[in-house]
Amino acid sequence: MNPDILFTIAAVPAALFVGLSKGGLPVVGMLAVPVLALVIHPIEAAGLLLPIYVVSDLFGLYAYRREFDRRNLLILIPGCTIGIGIGWATASIIPEPAVTLLVGLLGLFYCIEQFVNRAKSSAPREADWPRGILFGALAGFASFVSHSGGSPYQMYVLPQKLEKMVYAGTTTILFAFVNGFKLVPYWALGQINLENLENTAWLIPVAVAGTFVGVWLTRLVPGKLFFRLVMGALFLVSIKLTWDGVQGLL
């Protein structure tokens with residue numbers, strides 16, 4: 001099949017996943033890089049998708065401008081900044097598969113722990129600085145490497161049992177900051193270039209449409225089902241990340 005056709009077949013759903021994630025379905029966005037990486041190099045895929053993330057973030061910020069948790073953002077933004085800085089500083093040292101494997105294993109551990117303890121009724125956990133900085137740094141680092149910061153973020157935020165729209169808004173605002181902050185190091189490392197930007201231009205409308213669909217779905221789906229879907233997606237994506245990490249290290 002023509003390489004351009006293969007690229008289009010992978011790029012359109014990848015851009016749609018980005019938009020859906022910005023509309024309030026954050027874990028869906030973790031599928032974007034793996035899908036696009038089926039036809040181009042993962043690092044090239046990450047660089048191509050970053051501007052699409054940033055533009056979609058603008059629409060997500062507008063949609064959730066009144067629904068977010070301020071304390072979580074105050075804690076997580078410094079943590080993510082630290083993680084992005086570490087990712088930039090170690091970009092040429094730490095192999096990407098090792099990070100992918102770590103993120104996948106963390107997500108699987110969290111999902112298994114929640115399944116084992118599902119019968120226990122636990123009170124919502126408060127947002128706290130030590131865990132927030134730690135998981136924020138992990139999220140920032142993983143997001144810098146492969147846009148896969150969702151798993152560490154979920155592990156920190158889901159136990160707080162936030163109202164679903166507040167959860168979606170907090171997620172959207174945090175990763176809007178993360179993606180905007182990544183533009184400079186990505187450009188400096190050559191992961192964003194003119195060819196990528198040309199491809200980005202025609203994929204942006206797909207992502208924007210996905211953003212509004214994501215907002216609609218988030219408001220439509222009942223709260224309990226919403227978080228079950230998030231957990232299920234986290235589990236599936238974590239399996240994929242773990243497998244990719246193991247394969248990459250072999």
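Below is a short chat about the fold and the ring pairs.

User: What should I know before I start?
Analyst: This is a predicted model, where local features need pLDDT of at least 70, side-chain atom pairs count only at pLDDT 80 or more, and totals for chains, interfaces and linings use all residues. Residues are numbered from 1 along each chain as its sequence is written, and side-chain values use heavy atoms, with hydrogens and water left out.

User: OK, how many helices and strands?
Analyst: The protein chain has ten helices and zero strands, taken as DSSP runs (H or I, at least four residues; E, at least two) numbered from the N terminus.

User: And what share is buried?
Analyst: Buried residues are 50% of the 250 in the protein chain; buried means under 20% relative accessible area, exposed over 50%, partly exposed in between, with a 1.4 Å probe and protein chains only.

User: Switching to rings: how many aromatic pairs?
Analyst: Eight aromatic pairs, counting Phe, Tyr and Trp (its six-membered ring) with centres within 6.5 Å; planes under 30 degrees apart are stacked, over 60 edge-to-face, the rest tilted.

User: Phenylalanine 177 and phenylalanine 181, why is that pair stacked?
Analyst: Their ring centres are 5.6 Å apart and the planes sit at 20 degrees, so the pair counts as stacked. Both belong to helix α8 (residues 164-188), four residues apart, about one turn of the helix.

User: Is phenylalanine 226 buried or exposed?
Analyst: Phenylalanine 226 is buried, at 2% relative accessible area, while phenylalanine 227 is partly exposed at 22%.

User: Which residues do ring pairs link into a cluster with those two?
Analyst: The cluster joins Tyr153, Tyr167, Phe175, Phe226 and Phe227.
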